[in-house]
Amino acid sequence: MRVLISTIGSRGEVQPVVALARELAAGGHEAVVVGPPDFRGWAEGLGVDYRPVGPELRGTARQGSGPPPSEEQRLAMIAGTVDAQFDALLPVAQGCGAVVGGGALAIAAGSVAEFVGACYSYAAFAPVTLPSARHAPPAFRGVEAGTWEQDAARWNLLWAAPLNARRAALGLAPVAEVREHLFTASPLLAADPVLAPWPEPGGAVRQTGAWLLSDPRPLPAAVLAFLDADAPPVFAGFGSMPEPGGAAAALLAAARALGRRLIVSSGWSGFTVDAPDCLVVGELDLRQLFPRVAAVVHHGGAGTTTTAAAAGVPQVVLPQMFDQFYFADRVAALGLGSSYREPPQPDSLTTALAAALDATTRAGDVAREIRHDGVRLAAELITAS
């Protein structure tokens, strides 16, 4: 079967769908990923057929605090996003038996699947992003969570007009409820059932477990040498998020106070710590790195949180937006480390890191419960639909 996988977002959205593409290929299927151009070289290095859509997103972590776009500018950007997705997906979708939308901004995926007669599956990466009476919608930048009814109304307000314009051009009927159209009645939940359980077991949501990527390429020699030189260091990185103000100095002070070195991932913001007992790295396979570190300090993205939990390493989570607050709460609730929700300061971050290191045994216990076959189960469900 030929499968088209569409996503828009940072590595937290792209890495799981690349894992799915590799799993499908291993099962004899043909998979193609359409996603942000930032990740094309990395994905192709893993043997994945990857097609770019839209502009590069990496610069979003370094943007200043200028004025927000006007309503007209925002609607124009939304329309441009919808058009770019339809234009990129339609040629690739020909001959596909299945289409997967990975994450909420894969706006065109369901409509393209409908147009070419393919089965469509939507995948969420955190339970809190799917409607449930058990939780409120996650808050985005500058937008209060509100209710699920308000969330549905926002989807319609922002996306219905450009989506239905493109559907009309394809001869498809308009959709009345955009969120319902995108998410479907039985979405996939690509999140671990221990770390991030769906709160309504037995419902229509199909929880597969997280889609973890196996990268066969070894860690760089410089990283291995740093790891081998002394006791396990602390890892710190904020992915596609901006650097929290004061994080560099606070992290270095906290690690030193506890007798630890640092490995710092520069991420999209260019985060760095200039010190002889610190190694600054670019993108690495965290599934290989995390079992060799003492603790992980991060932003609470779904992928980083799950990878740390699966590695049995304690965590300090500094959430900034969206589902990151959910994962920070889950880390604390499961006893895997600390949720840190204040501007980084040496004393308080030292306390949080010390508490996380005390949770090392608990983190190891929970790691044995984390599923590693989520992507295999997802591939089976998608190709059987």
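Colleague: Let's start with strand pairing: which residue in β5 is the bridge partner of V99?

Modeller: Happy to begin there, and please keep in mind that this is a predicted model. Strand β4 (residues 98-102) and strand β5 (residues 119-124) run parallel, with five bridges joining them. Within β5, the residue that bridges to V99 is Y120.

Colleague: At about what angle does the direction of α1 lie to that of β1?

Modeller: Helix α1 packs on the seven-stranded sheet. The strands that α1 touches there are β1 (2-7), β2 (30-35), β3 and β4. Between the directions of α1 and β1 the angle is about 175 degrees.

Colleague: Is α1 roughly parallel or roughly perpendicular to α14?

Modeller: Helix α1 (residues 11-26) and helix α14 (residues 374-384) have axes that come within 9 Å and cross at roughly 70 degrees. Angles of 65 to 115 degrees count as roughly perpendicular. That is why α1 is, relative to α14, roughly perpendicular.

Colleague: How many residues of the contact of α1 with α14 are charged?

Modeller: From α1, the contact is made by A19, L20, E23 and L24, while α14 brings V375, R376, A378, A379, I382 and T383. α1 passes α14 here in a right-handed crossing. The residues of this contact divide into seven nonpolar and one polar, and the number of charged ones is two.

Colleague: Moving to the other open sheet, which strands are at the edges of it, pairing on one side only?

Modeller: This sheet has six strands with parallel pairing, in the order β10-β9-β8-β11-β12-β13. Neighbouring strands are turned against each other by 15 degrees on average, direction ignored. The edge strands are β10 (278-281) and β13 (337-339).

Colleague: Which residue in β13 is the bridge partner of Q315?

Modeller: Strand β12 (residues 315-317) runs parallel to β13, and three bridges join the two. Q315 has as its bridge partner in β13 the residue G337.

Colleague: Some helices lie on this sheet too: at about what angle does α11 run to β13?

Modeller: Two helices are worth a look. Helix α10 (residues 302-311) lies across β11 and β12, running at about 170 degrees to β11. Helix α11 (residues 324-333) touches β12 and β13, and its direction makes with that of β13 an angle of about 140 degrees.

Colleague: Is S265 buried or exposed?

Modeller: S265 sits in strand β9. Leaving aside residues up to four places away in sequence, S265 touches F235, A236, G237, F271, V281 and G282. Its relative accessible area is 14%, and because under 20% counts as buried, S265 is buried.

Colleague: What covers the buried residues of α8?

Modeller: The buried residues in α8 are A247, A248, A250, L251, L252, A254 and A255. After α8 comes G259, with a positive phi near 70 degrees. The cover over the buried residues of α8 includes β8 (234-237), β9 (262-265), β11 (295-298) and α12.

Colleague: How many residues of the contact of α8 with α12 are nonpolar?

Modeller: The axes of helix α8 (residues 247-257) and helix α12 (residues 346-358) come within 8 Å and cross at roughly 50 degrees, so the two helices are oblique to each other, and their crossing is right-handed. In this contact, A250, L251, A253, A254, A255 and A257 of α8 meet P346, L349, T350 and L353 of α12. One residue of the contact is polar and none is charged, while the number of nonpolar ones is nine.

Key
Residues are numbered from 1 along each chain as its sequence is written. This is a predicted model: local features need pLDDT of at least 70, side-chain atom pairs count only at pLDDT 80 or more; totals for chains, interfaces and linings use all residues. Side-chain values use heavy atoms; hydrogens and water are left out. Axes are lines fitted to C-alpha atoms, for helices over the stretch in contact, and angles run from 0 to 180 degrees between N-to-C directions. Helices (H or I, at least four residues) and strands (E, at least two) are DSSP runs, numbered from the N terminus. Angles under 35 degrees count as roughly parallel, over 145 as roughly antiparallel, 65 to 115 as roughly perpendicular and the rest as oblique. A crossing is left-handed if the near helix is turned anticlockwise from the far one by less than a right angle, and right-handed if clockwise. Contact means heavy atoms within 4.5 Å. Ala, Val, Leu, Ile, Met, Phe, Trp, Tyr, Cys and Pro count as nonpolar, Asp, Glu, Lys and Arg as charged, and the others, Gly among them, as polar. Two strands pair if DSSP finds at least two bridges between them. Buried means under 20% relative accessible area, exposed over 50%, partly exposed in between (1.4 Å probe, protein chains only).
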